[in-house]
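Reader: I have a structure open and would like to go through it with you. Can we start with what the terms mean and then move to the residues?

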Amino acid sequence: MNPTRDPFALFMGAHDEIREALSTLQRLATIKPGSSPSTGERAAAQKLTGFLEHCILPHHREEEHEFWPLVARAQATPEERAVFSKLALRLQSDHQDLERRWTAATDAMRDLAAGRSAHGNALELTELVERYLDHARLEDEVLVPLAQHLLAPSDQNRLAMAVLLSRLPLAKWGMV
């Protein structure tokens, strides 16, 4: 399959962008409470202020509305179906927790971007980084291989097209 139309590469590619943001978040977590962020730290924090809305939420919704339902409908043994159901419940719970954590991190990034001192958010930011890395690893190492096994080539193509269409600028405005 063409790499630009490989639905699994599309999903895992989003994880690359998220991992990069997490690395920046981890670096910003090292700012000492009470100290003012440097110009570079302020700029890095500013880049992360819209990350939840522009990357995390769309990625989670693609998984929840496009990827998981297609896998849930795939031909599977009862054992495979049970594994997927348990996995989907865990990932959905992760999404809720991670989105809540990202919301709190966004507030902290806004403070840093505005030059306000860090308020002891290091532990929360570090926990977010660790939890998101575990979540992405679970998707990459368990969900994607399971989906590759279960989804027929036609379903993989259908998934790729749905994701590509959802990423068109017009789709963001509700016109596609």
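Author: Let's start with burial. A residue is called buried when its relative accessible area is under 20%, exposed when it is over 50%, and partly exposed in between. Keep in mind that this is a predicted model.

Reader: Fine. Is His-135 buried or exposed?

Author: His-135 is buried, because its relative accessibility is 0% and the cut-off for buried is under 20%.

Reader: Which helix is His-135 in?

Author: His-135 sits in helix H5.

Reader: And what does His-135 touch, leaving out residues up to four places away in sequence?

Author: With those left out, His-135 touches Glu-63, Leu-91, Asp-94, His-95 and Leu-98.

Reader: Let me step back. What is the secondary structure of the chain?

Author: The protein chain has seven helices and zero strands. Read from the N terminus, the order is α-α-α-α-α-α-α.

Reader: How many residues, and what share is buried?

Author: The protein chain has 176 residues, of which 41% count as buried.

Reader: What box do the C-alpha atoms fill?

Author: Roughly 55 × 35 × 25 Å, taken along the principal axes.

Reader: What part of the contacts comes from residues 24 or more positions apart?

Author: Such residues make up 82% of the contacts in the protein chain that have a separation of 6 or more.

Reader: Now helix H4. How many residues, and how far does it reach?

Author: Helix H4 covers residues 78-113, which is 36 residues. From first C-alpha to last it reaches 50 Å, close to the 52 Å expected at 1.5 Å a residue.

Reader: What follows H4?

Author: Gly-115 follows H4, and its phi is positive, near 90°.

Reader: How many aromatic pairs are there?

Author: Two aromatic pairs. One of them is Phe-51 with Trp-102, where the ring centres are 5.5 Å apart.

Reader: Why is that pair of Phe-51 and Trp-102 called tilted?

Author: The planes of the Phe-51 and Trp-102 rings are at 40°, so the pair counts as tilted. Planes under 30 degrees apart would be stacked, and over 60 they would be edge-to-face.

Reader: Which helices hold Phe-51 and Trp-102?

Author: Phe-51 lies in helix H3 and Trp-102 in helix H4, so the pair ties together parts that are 51 residues apart in sequence.

Reader: Are those two buried or exposed?

Author: Phe-51 is buried, with a relative accessible area of 8%. Trp-102 is buried too, at 1%.

Reader: Phe-51 came up in my notes on a pocket. Which residues line the second largest pocket?

Author: Its lining consists of Glu-17, Glu-20, Ala-21, Thr-24, Ala-44, Lys-47, Leu-48 and Phe-51. The space in this second largest pocket is about 170 Å³.

Reader: Which helix gives the most to that lining?

Author: H1 gives the most to the lining of the second largest pocket, with four residues. H1 and helix H2 (39-48) each supply at least two.

Reader: And by class, what does the pocket lining look like?

Author: The lining of the second largest pocket has four nonpolar residues, one polar and three charged.

Reader: Change of topic. How many cavities of 30 Å³ or more are there?

Author: The structure holds two of them. The second largest cavity has a volume of about 30 Å³.

Reader: Which residues line that second largest cavity?

Author: Phe-11, Met-12, His-15, Glu-63, Phe-67, Glu-139, Asp-140, Leu-143 and Val-144 line the second largest cavity. The elements that give two or more residues to this lining are helix H1 (7-28), helix H3 (51-73) and helix H5 (122-150).

Reader: Where does the largest share of the cavity lining come from?

Author: From H5, which gives four residues to the lining of the second largest cavity. By class, that lining has five nonpolar, one polar and three charged residues.

Reader: Last one, Ala-72. Where is it found?

Author: Ala-72 is found in helix H3. Ala-72 is partly exposed, with a relative accessible area of 36%.

Reader: What does Ala-72 touch, again leaving out residues up to four places away in sequence?

Author: Ala-72 touches Arg-81 and Phe-84 on that basis. The C-alpha atoms of Ala-72 and Ala-88 are separated by 9.1 Å, and the two residues are 16 apart along the chain.

Terms used: Residues are numbered from 1 along each chain as its sequence is written. This is a predicted model: local features need pLDDT of at least 70, side-chain atom pairs count only at pLDDT 80 or more; totals for chains, interfaces and linings use all residues. Side-chain values use heavy atoms; hydrogens and water are left out. On a 1 Å grid over the protein atoms alone, a cavity is a set of points where a 1.4 Å probe fits but cannot get out, and a pocket is an open set with protein on both sides within 12 Å along at least five of seven lines; lining residues have an atom within 4 Å of a point. Grid points are joined across faces, edges and corners, and a volume is the space filled by probe spheres set on the points. Ala, Val, Leu, Ile, Met, Phe, Trp, Tyr, Cys and Pro count as nonpolar, Asp, Glu, Lys and Arg as charged, and the others, Gly among them, as polar. The expected span of a helix is 1.5 Å times one less than its number of residues. Buried means under 20% relative accessible area, exposed over 50%, partly exposed in between (1.4 Å probe, protein chains only). Contact means heavy atoms within 4.5 Å. Rings of Phe, Tyr and Trp (its six-membered ring) pair if their centres lie within 6.5 Å; planes under 30 degrees apart count as stacked, over 60 as edge-to-face and the rest as tilted.
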